[in-house]
Amino acid sequence: MGLRALRYTLKHPDVFKAQLRALLRAGAHTDLRIMFPLVSGLDDFLAARDIAYQAMEELEKEKLVYNGEPKFGAMVELPSAVMMVEHLAEEANFLSIGSNDLVQYLLGVDRTNEDVEELYRVFHPAVLMAFKKIADAGRRARCPVSVCGDAAANPEMLRFFIGIGIDIFSVDPRRIDFVRQLIQSLDAREARQRANSILKLRTDEEVRRFLHIEAG
């Protein structure tokens, strides 16, 4: 919410271009991936990528060493980005689900507000449907999808993500071994069947009963 992330940089293109030039130069001779946060739709993503292309043209004219083939990604953390995810997947080189913010914005819940924090539910049917929509769009467009945020280290959510075809996760370094071991212990076919069963449930209560989660 507010003027931050990509919204701020698109309002200040000179600042944004300077940042992109630095990334492109520092990322020379590497597998450079640039992800745009708080993307609201295709317009945002294309505008940001165009500024990156402008930065590349300037570096070329200045005969400076830079990465000429960076990969551009979008963070999917707004409901509008979920609705436009098929188009984003066609244009982006990769997508990342920002699970913390996406859950908040989908459910209209500030998880830092003690009065409503119990309504922040990553297992809410609407949230699970959004994750599935993003995963499907990425698979159809052959655009890799990853997950970051608390959900990426939640055992039940990991099973769900594997079940819908997501297997790239960004987690706290202290959780890497745990996540790796859990993924290695999972049966992909069983995870798919479990995810399909969960996606058929219509209410938050049904999901909690299925997963044996006590009400908050």
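Modeller: Here is a quick tour, from the whole chain down to single residues.

Biologist: What kind of model is it, and how are the residues numbered?

Modeller: It's a predicted model, where local features need pLDDT of at least 70, side-chain atom pairs count only at pLDDT 80 or more, and totals for chains, interfaces and linings use all residues. Residues are numbered from 1 along each chain as its sequence is written, and side-chain values use heavy atoms, with hydrogens and water left out.

Biologist: How many helices and strands does the protein chain have?

Modeller: There are 11 helices and 5 strands in the protein chain. Those are DSSP runs numbered from the N terminus, with at least four residues (H or I) for a helix and at least two (E) for a strand.

Biologist: And why call it as compact as a globular protein of that length?

Modeller: Because its radius of gyration is 19 Å, close to the 17 Å that the globule rule gives for 216 residues. The radius is taken over C-alpha atoms, and the rule is 2.2 Å times the number of residues to the power 0.38. The C-alpha trace spans about 60 × 40 × 35 Å along its principal axes.

Biologist: What share of the residues is buried?

Modeller: Buried residues are 44% of the 216. Buried means under 20% relative accessible area, exposed over 50%, and partly exposed in between (1.4 Å probe, protein chains only).

Biologist: OK, helices. Is H8 largely enclosed or open?

Modeller: Largely enclosed by the rest of the structure, because 7 of the 9 residues of H8 (residues 155-163) are buried. Among them are Met-157, Leu-158, Phe-160 and Phe-161.

Biologist: What do those buried residues pack against?

Modeller: They pack against helices H7 (125-141), H9 (176-185), H10 (188-199) and H11 (204-211), plus strands E4 (145-148) and E5 (168-170).

Biologist: Which residue caps the N-terminal end of H8?

Modeller: Asn-154 does, with a side-chain oxygen 3.0 Å from the backbone nitrogen of Glu-156. Just after H8, Gly-165 takes a positive phi of about 100 degrees.

Biologist: Which residues other than glycine have positive phi?

Modeller: Leu-38 is one of them, with phi near 60 degrees, and Lys-63 has about 55 degrees. Leu-38 is in the loop between strand E1 (33-36) and helix H3 (42-61), while Lys-63 is in the loop between H3 and strand E2 (71-76).

Biologist: Are those two buried or exposed?

Modeller: Leu-38 is buried, with a relative accessible area of 1%, whereas Lys-63 is exposed at 74%.

Biologist: Switching to Ser-99: where is it, and what is it in contact with?

Modeller: Ser-99 is in helix H6 (residues 99-107), and it's buried, with a relative accessible area of 1%. Beyond neighbours within four places in sequence, its contacts (heavy atoms within 4.5 Å) include Tyr-120, Phe-131 and Cys-148. A polar atom of the Ser-99 side chain lies 2.7 Å from the backbone oxygen of Cys-148.

Biologist: Last one: what polar contact does the Asp-204 side chain make?

Modeller: It pairs with the side chain of Arg-121 at 2.8 Å. A polar contact is a pair of N or O atoms within 3.5 Å; within protein, one must be able to donate a hydrogen and the other to accept it, and residues adjacent in sequence count only if both atoms are side-chain atoms. Asp-204 lies in helix H11 and is buried, with a relative accessible area of 11%. Leaving out residues up to four places away, Asp-204 also touches Phe-123, His-124 and Pro-125.
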